[in-house]
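I opened my notebook and went through this one topic by topic. Here is what I looked up, in the order I got to it.

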Amino acid sequence: MDNKKGVKKTTASLLLFTVFMFGFGYGLVPLYDVFCKITGLNGKTIRVTENINREAIVTDRLIKVQFDANINGDLPWTLQPNQRIMRVQPGKFYEAVYTVKNIKDKDITGQAIPSVSPQVASLYFKKAECFCFVNQLLKAGETKEMVVRFEVDKDLPEDVAELTLSYTFFRVKKVASIN
Amino acid sequence: MSTIAHDDHHDHKPTGLKRWFFSTNHKDIGTLYLIFALTMFFIGGAMAMIIRAELFQPGLQFVDPQFYNSMVTVHALIMIFGAVMPAGVGLANWMIPLMIGAPDMALPRMNNMSFWILPFAFALLLSTLFMDGGAPAGGWTMYPPLVLQTGDAFPFLIFAVHFLGISSIMGAINIIATVFNMRAPGMTLMQMPLFVWTWVITSFLLIASLPVLAGGVTMLLTDKYFGTSFFDAAGGGDPVLFQHIFWFFGHPEVYILALPAFGIVSQIIPAFARKPLFGYASMVYATASIAILSFFVWAHHMFTVGLPIKGELFFMYATMLIAVPTGVKVFNWIATMWKGSMTFETPMLFSVAFVILFTIGGFSGLMLGITPVDFQYHDTYFVVAHFHYVLLTGAIFALMAAAYYWLPKWTGNMYDERLGKIHFWLSLISSNVLFFPQHFLGLAGMPRRIPDYNIQFADFNMISSIGGFAYGITQLLFVYIVIKCAMGGKKARARSWDGAKGLEWEVPSPAPFHTFETPPKLTKKVLESLY
């Protein structure tokens, strides 16, 4: 009844299960990203390549896009959108410009993270060009203009009349970029 | 080590320190677990006393806010991982081999290791109290980015959690391996005592959920020291992801604390109602359902982080669903008592109190599970009241009941029944004075984890603190009762309680160092006496 073989088998399979669940914990990370992408939660925006030959879709609909800028924590930069508001036609590409300035007498690297609200609109906000998710080096006292090229998808739900694009610049220390 | 293992085959105990450090005997390791858990219960309790002293009056009196937050954080970690879980594992070690007619646990050396990791892990955790930047103060839930601001204590916190996880997983593997392979011939799974069943299911919860926590805290560690950004928005991560990972572990964890308690009262109530447990099979299925459902409700801890409405509805309904199997269990306990010839010795008193007070905690849990209402209750004292009803008057009361129920088997002596009853009534009254007013505080909007409060909350906080001090002092009586019982007293019979059933009562009291070296004969009569 001291079932040595059985004990070994049970122990081995349970250990395997433990390792599997540890991996599952890490598996939750990409799963979470996929889930957010599908549902548009988190306001993460979509990257697209612009098709120049595409015919512009003409609609009368005008969407109000507001631009917002933030600096996180101890980054000695200023960030401002050159335009507070744009009225855009869905299906057409537009350019917005942000001005970012390093006010310290020291070279500093930062990285911008975008976000769109309302969250549902993030599924329909497509960017062909963006300065986000990459390390941006600003020399001491340097000013730079950064461009975001975007379109609002024509399928944007009817009840969304305005949306906000927000950028936050974070200081890059030892933090690695994920892209 | 090998000489000790060899010794085990003879019928004499190793002596001195060696007996305890190198022990592979399930009874000795069970005892070690129980003593360790009681010690941690008092250390965590002392921290609770500091919290209640600070909250006795509005304003800051005794400790600075940082230290207060450390107390809140470490109190939770110690009570969960140091007191309730090891006490449950200790009972499992002591009782499961006896209940299923096995000579020992399946993996005795791993058993030794899983215990001795614990003092080591808590030495790591408690040492942080003396470090620069103080002990962890970001809450036991370790949410980033706050927890990443912990000082020198941070890696100690993470590694302590890792070690606690490893210890618990080893314990869980051991329990499953024992129950699946070492039952006395003739005992089917559906003939096992319910305490054994609840521990098997708890073990699966441990193995499925703790590795996920280990992964989550490892991500915290690499975020802080190795430049990853799982939870750091600056690198494209998301702090809310940690909450999902944490509560994927955290919700099963609350059943890891509660299920063994269900098992305990399912042993004790039939014994003192002198009736078999009502609805044995439904109890097993209800326990399993609770365990499975517990993996699909985690987001009810985070209704306010900005979930989509469909998600909130899903997690609300799934949470409500858990009330069904839990209701089955409460119904069965009451039906077991129905028309029984009940007597109210101390274990039964604690068990009946468990049924009533755990149900109150369950009801406040239902209230918190309603999404729109939770927006009001979230992070208030209502939550504190809720989980202390299910953990203190729930889990701890059941553990006290277990201690009184099996003390005669462990020590060979009956404990002082009069003192036991005094301990029960003082505990019952003081814990309710302690926690009931916290419902009102929470409903009125008092936030948790804050050392100061608006004067409108002063009266209820003073009442609560008085209850807290009374409860704390009362537990010293428990220590006295246990020591007195271990030293001597009325000799216990093999079957220490008239109505007690199960194989553990077939061996003499105190249980000899080695039991069931040849498996017991499970005659029809014996099997009938099992449940």
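Which residues form a nonpolar patch on the surface? I noted F436(B), F440(B), F460(B) and I463(B), which together have about 330 Å² of accessible area. The elements that give two or more residues to this patch are α14 (417-443) and α15 of chain B. I looked up F436(B) on its own: it lies in helix α14 of chain B and is partly exposed, with a relative accessible area of 35%. A reminder to myself: the model is predicted.

**Cores**

Next I turned to the inside. The largest nonpolar core has 190 residues, and F81(B), M142(B), W333(B) and W406(B) have the most contacts inside it. Helix α4 (residues 65-100) of chain B gives this core its largest share, 23 residues. Apart from this core lies another, of 36 residues, including A69(A), Y98(A), F150(A) and L165(A). I kept in mind that nonpolar side chains tend to be buried together in soluble globular proteins.

I then listed the contacts of W406(B), leaving aside its neighbours within four places in sequence. W406(B) touches L91(B), M95(B), M99(B), F195(B), Q267(B), E504(B) and W505(B).

**Strands in chain A**

How do β2 and β10 of chain A run, parallel or antiparallel? I found them parallel, joined by eight bridges, with β10 covering residues 162-171. In β10(A), L165(A) is the bridge partner of F67(A). Strand β2 (residues 63-71) of chain A is also joined to β4 (residues 85-88) of chain A, by four bridges, and this pair runs antiparallel. There I saw V65(A) opposite M86(A) in β4(A).

**Salt bridges**

I got a count of eleven salt bridges over all chains. I looked at three of them.

- D153(A) and K126(A) meet at 2.7 Å, N to O. D153(A) sits in the loop between β9 (143-152) and β10 of chain A, and K126(A) in strand β7 (residues 125-129) of chain A, 27 residues apart. Both D153(A) and K126(A) are buried.
- D498(B) and R274(B) meet at 3.9 Å, N to O. The pair links distant parts of the chain, 224 residues apart: D498(B) is in the loop between α15 and α16 of chain B, and R274(B) in the loop between α8 (239-273) and α9 (280-293) of chain B. D498(B) is exposed, at 59% relative accessible area, whereas R274(B) counts as partly exposed at 31%.
- R448(B) pairs with D379(B), the closest N and O atoms being 3.6 Å apart. R448(B) lies in the loop between α14 and α15 of chain B and D379(B) in the loop between α12 (371-377) and α13 (381-411) of chain B, so this pair ties together parts that are 69 residues apart in sequence. R448(B) is buried, at 16%, and D379(B) is partly exposed, at 37%.

I also noted that salt bridges with shared partners join R274(B), R493(B) and D498(B) into one network.

Last, the backbone. Most residues other than glycine have a negative phi, and most peptide bonds are trans.

Where did I find the cis peptide bond with omega about 5°? It joins P144(B) and P145(B), and P145(B) is in the loop between α5 (108-127) and α6 (153-181) of chain B. The bond from S509(B) to P510(B) is also cis, with omega near -10°.

Two non-glycine residues went down for positive phi: K339(B), at about 60°, and F516(B), at about 50°. K339(B) is exposed, at 73% relative accessible area, whereas F516(B) is buried, at 12%.

How values were computed: Residues are numbered from 1 along each chain as its sequence is written. Chains are lettered from A and ligands numbered from 1 in the order in which they are written. This is a predicted model: local features need pLDDT of at least 70, side-chain atom pairs count only at pLDDT 80 or more; totals for chains, interfaces and linings use all residues. Side-chain values use heavy atoms; hydrogens and water are left out. Buried means under 20% relative accessible area, exposed over 50%, partly exposed in between (1.4 Å probe, protein chains only). Patches are made of residues with over 30% relative accessible area and no salt bridge: like charges are joined within 9 Å, nonpolar side chains (Val, Leu, Ile, Met, Phe, Trp, Tyr) within 5 Å. Accessible areas come from the Shrake-Rupley method with a 1.4 Å probe; for residues, only the protein chains shown count as cover. A salt bridge is a side-chain nitrogen of Lys or Arg within 4 Å of a carboxyl oxygen of Asp or Glu. A nonpolar core is a set of buried Ala, Val, Leu, Ile, Met, Phe, Trp, Tyr and Cys residues joined through side-chain atoms within 4.5 Å. Contact means heavy atoms within 4.5 Å. Two strands pair if DSSP finds at least two bridges between them.
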